[in-house]
Each structure stands twice: as structure tokens, then as C-alpha cells.
Amino acid sequence: MSLQLGDIAPDFTQDSTVGPIHFHAWAGNDWVVLFSHPADFTPVCTTELAEAARLKPEFAKRHAKIIGLSVDPLEKHDQWLADIAETQPSALNFPLLADADRKVSTLYDLIHPNADSTATVRSVFIIDPNKKIRLVLTYPASTGRNFAELLRTIDSLQLTDTFKVATPVNWKHGDDVIITTAVSDDEAKLRFPEGWKTLKPYLRVVKQPQTV
Ligand code: BEZ
């Protein structure tokens, strides 16, 4: 059965480019972005890993760690990382799991046999500090992901957790947000003393509180 939002992200121990990773212990109290690739030495994955490395400081500002996965062994990862350092603007600066025995891929349902019988799909899990899965995305192998969207989602989730607000369509950091329906007007007066705009009783727009 595939993992669903709200499930606890399965724990595991697996080899990686920085040594064995005990996943829950490695995550600690941070948010985690766990993402899988079809395979080493593939062009789209090469660009994705470099972009994730470039954005690592942005994830860190949000108390989020990043970790990649592909089903190739460590020796291959090491050769591939040298290629990434040679050809891309950023070298790898986060762990890449070597899931040659498919342990993590099986736990996280990352092999979709009707797409490819051996390669992992291009999936992402955003996991919160309580180890709950808060986002699942699966992209086609030929489409590189948008890592800025992952930062945007973490910003949105952290705003919801901290301030009980939701983010509207195409929201960008700094845009107005929406007071969730779980918040009464009385509670909203305490939370947002500068006021908000009521378009409908269920649609109350407020200036975005500051996070990062
Ligand atoms: C890639 O990462 O470049 C890729 C992997 C599998 C299929 C197509 C592209």
C-alpha cells in the first residue's frame, strides 16, 4: 500500500554517500525533503541534484534537510558525483542514499512496475519534525522537478502550523494568506490584531505573518 499524507514516514537504515543513515535519527527535529531518482548517470537527475545542492541554504533556513535516493550502489554514486561537480554549478552537499537492495524504495513504494520494472520513480516526500508525511509528489522520469516549489510548500506548511493560515492559488512568499476556517472571528481578533478582509465568512484574507 502506498504512503499517504499524515502517515509516519517509515524509518530505515541504509548506506549513503556520507555513510550509513539511520533515517529518523538523522532527521532529528528538522523537516526533511526525501526525493528519489530513476538512476545514476541520467541527465535530468544530474541537473536536479545540483539544483538541490544550490538551494541547500534555503532549505536550512526553514530547518529542512535534503536527502536523495537512487537504486544504484555507492561506487556508482561516487563516480556520478564527480561528474556533477565537473559539469554543474553546484557539487553534491547532502546525502544520496545507495538503495541497491531496494529496501527504502520498497518501504516508500518508489518502483512503479508499469512505468519501469527496476528504476525508481521521481518522487518527493516532505516530512515534518513529527515524522509525518505532509506532501507526496510523483513526476514522470523525463520531467525535472521544480525545487523552488518544494521551498514554497514548506513555507506554506510552516505558516499553517504556526499561524493557522492557508495559502491561496499561486501564492508566493510575502503575498496575502487566508485565515483557516478552524479559526473563529473571536480567535482571529487575537491572532491578527491588525485586522483582515472578509470576502465571505469562509474567505478571510490577511497579511502574511513572517516566517523566514
Ligand atoms: C533522466 O534523469 O534524465 C531520465 C531518467 C529516466 C528517463 C528519462 C530521463
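Arg152 and Glu149 form a salt bridge (a side-chain nitrogen of Lys or Arg within 4 Å of a carboxyl oxygen of Asp or Glu), with the closest N and O atoms 2.6 Å apart. The two residues are three apart in helix 6, so about one helical turn separates them; helices (H or I, at least four residues) and strands (E, at least two) are DSSP runs numbered from the N terminus. Arg152 is partly exposed at 27% relative accessible area, and Glu149 is partly exposed at 29%; buried means under 20%, exposed over 50%, and partly exposed in between (1.4 Å probe, protein chains only).

This is a predicted model, in which local features need pLDDT of at least 70 and side-chain atom pairs count only at pLDDT 80 or more, while totals for chains, interfaces and linings use all residues. Residues are numbered from 1 along each chain as its sequence is written, and side-chain values use heavy atoms, with hydrogens and water left out.

The structure holds 16 salt bridges. Another of them joins Asp155 and Arg62 at 2.6 Å, N to O. This pair links distant parts of the chain, 93 residues apart: Asp155 lies in helix 6 (residues 147-163) and Arg62 in the loop between helix 3 (56-61) and strand 4. Asp155 is buried at 3%, and Arg62 is buried at 7%.

Five strands form an open, mixed sheet in the order 5-4-3-6-7, where pairing requires at least two DSSP bridges between two strands. Strand 5 (96-98) and strand 7 (133-139) each have a single partner, so one side of each lacks a neighbour in the sheet.
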